Amino acid sequence: MHQKRIETKISRTAELCCLCRAVSALEKDPLFRSGDRIAVSILPDFMRALVRIPGAGRLLVRAITARGIYEYIIARTKYIDAAFRVALAGGVDQILIIGAGYDTRAVRFREESGRTKFFELDAPITLQSKIDQYRQRRIATPPNLVFVPINFDKESIPEKLAQARFRRGVKTLFLIEGVLEYLQPESVDRTFRTIRDVAGAGSEIVFNYAYASVIRGEGQLYGEKGALQTLSSVGEAWHFGIEKGAIGSFLAKYGCEILDHRDTRELEELFFKDPSGRIVARINGTHCLVRAGIASPLRIA
């Protein structure tokens with residue numbers, strides 16, 4: 001089997017997303033500012049100094065990302081942060097972050113999380129890199145956070161979760177951010193079957209997905225060609241997408257139903273409309289964001 005880059009090196013796209021969140025956290029314009037200041041702290045020293053120069057951070061991410069990717073990361077961060085706040089306020093028992101990368105929500109939502117348990121799954125090298133950054137920057141991780149290293153294409157998620165003492169059948173928020181598009185279709189299927197089988201009543205999934213047309217390289221969407229070129233340059237290709245309009249049928253296969261679905265235009269309306277009603281930014285058109293509920297949790301006999 002071909003060895004993926006993330007099996008031997010830190011994910012470049014995880015690093016890029018962290019950079020975008022860090023730059024956004026320092027924005028003066030509230031429409032562009034998100035709340036991940038921990039991302040600033042875990043950047044390399046030279047990069048942290050650079051993004052603190054007014055205007056330099058935005059110029060940097062615009063120079064190294066495809067059109068609309070920076071705006072997409074901002075919208076995605078705000079959307080998922082909002083879902084976390086709702087879940088924590090609703091008394092969710094645990095949160096499972098699949099492909100955690102440099103996600104910092106377990107630290108950022110420490111005060112709101114109470115007894116909610118966080119589980120972060122990702123490739124061992126990338127996960128260890130974040131742990132090392134926390135230690136070097138003296139950022140304390142909460143006692144309710146469990147790191148779970150995994151190779152998604154080769155190892156069993158249920159087995160890894162069992163080893164980490166993840167609880168089956170309780171109210172859980174599942175987050176799959178910036179992950180599905182990198183997996184093979186069979187890995188996506190296994191992931192959603194696992195979620196279906198371990199979720200308790202009231203559980204939800206928040207995730208993004210790419211359109212299948214992007215995987216085919218049709219080049220129809222804003223910023224699509226640039227996004228694929230960036231991925232090619234870092235050796236982290238996309239493999240999975242969902243046809244436009246097919247998200248409902250995709251989720252139904254796993255006993256799930258749509259609670260909220262946002263395409264690019266809806267995300268622009270939600271996050272980049274100024275007080276006069278003008279849309280001030282365009283978002284890369286390759287992805288959608290979804291919040292879904294487990295309609296009929298099933299169990300493995």
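The structure holds 22 salt bridges, a salt bridge being a side-chain nitrogen of Lys or Arg within 4 Å of a carboxyl oxygen of Asp or Glu. This is a predicted model, in which local features need pLDDT of at least 70 and side-chain atom pairs count only at pLDDT 80 or more, while totals for chains, interfaces and linings use all residues. Residues are numbered from 1 along each chain as its sequence is written, and side-chain values use heavy atoms, with hydrogens and water left out.

One of these salt bridges is formed by the side chains of Asp36 and Arg108, at 3.3 Å from N to O. The pair links distant parts of the chain, since Asp36 lies in the loop between α1 and α2 and Arg108 in helix α6 (residues 105-108), 72 residues apart; helices here (H or I, at least four residues) and strands (E, at least two) are DSSP runs, numbered from the N terminus. Both Asp36 and Arg108 are buried, where buried means under 20% relative accessible area, exposed means over 50%, and partly exposed covers what is in between (1.4 Å probe, protein chains only).

A salt bridge also joins the side chains of Asp81 and Arg105, at 2.7 Å from N to O. Asp81 belongs to helix α5 (residues 69-89) and Arg105 to helix α6, so this pair ties together parts that are 24 residues apart in sequence. Asp81 is buried, and Arg105 is buried too. Arg105 also lies over the face of Phe84, at 5.4 Å from the ring centre; a charge sits over a ring if NZ of Lys or CZ of Arg is within 6 Å of the ring centre and within 35 degrees of the ring normal.

Salt bridges that share partners join Arg21, Asp36, Arg76, Asp81, Asp103, Arg105, Arg108 and Glu177 into one network.

The strands come next. Seven of them form an open sheet in the order β3-β2-β1-β4-β5-β7-β6, with mixed pairing, two strands being paired if DSSP finds at least two bridges between them. At its edges are β3 (145-149) and β6 (256-262), each of which pairs on one side only. From one strand to the next, the twist averages 20 degrees, with axes taken as lines fitted to C-alpha atoms, for helices over the stretch in contact, and angles running from 0 to 180 degrees between N-to-C directions.

Within this sheet, strand β1 (residues 94-98) and strand β2 (residues 117-122) pair in the parallel sense over five bridges, and Ile97 stands opposite Glu120 in β2. Helix α8 (residues 124-136) packs on the sheet, touching β2 and β3, and its direction makes about 145 degrees with that of β3. Helix α10 (residues 185-198) lies across β1, β4 (172-176), β5 (204-210) and β7, running at about 170 degrees to β4.

Is Glu120 buried or exposed? Glu120 is buried, with a relative accessible area of 0%. A pair of aromatic rings is described by the distance of the centres and the angle of the planes. The structure holds 13 aromatic pairs, counted where rings of Phe, Tyr and Trp (its six-membered ring) have centres within 6.5 Å, with planes under 30 degrees apart called stacked, over 60 edge-to-face and the rest tilted. The rings of Phe32 and Phe272 have their centres 5.2 Å apart and their planes at 55 degrees, so this pair is tilted. Phe32 lies in the loop between α1 (12-25) and α2 (37-41), and Phe272 in the loop between α14 (264-271) and β7 (287-294), so the pair ties together parts that are 240 residues apart in sequence. Phe32 and Phe272 are both buried, and the charged end of Arg58 sits over the ring of Phe32, 4.2 Å from its centre.

Ring pairs also link Phe192, Phe207, Tyr209, Tyr211, Phe240, Phe250 and Tyr254 into a cluster.

Note on methods
Contact means heavy atoms within 4.5 Å.
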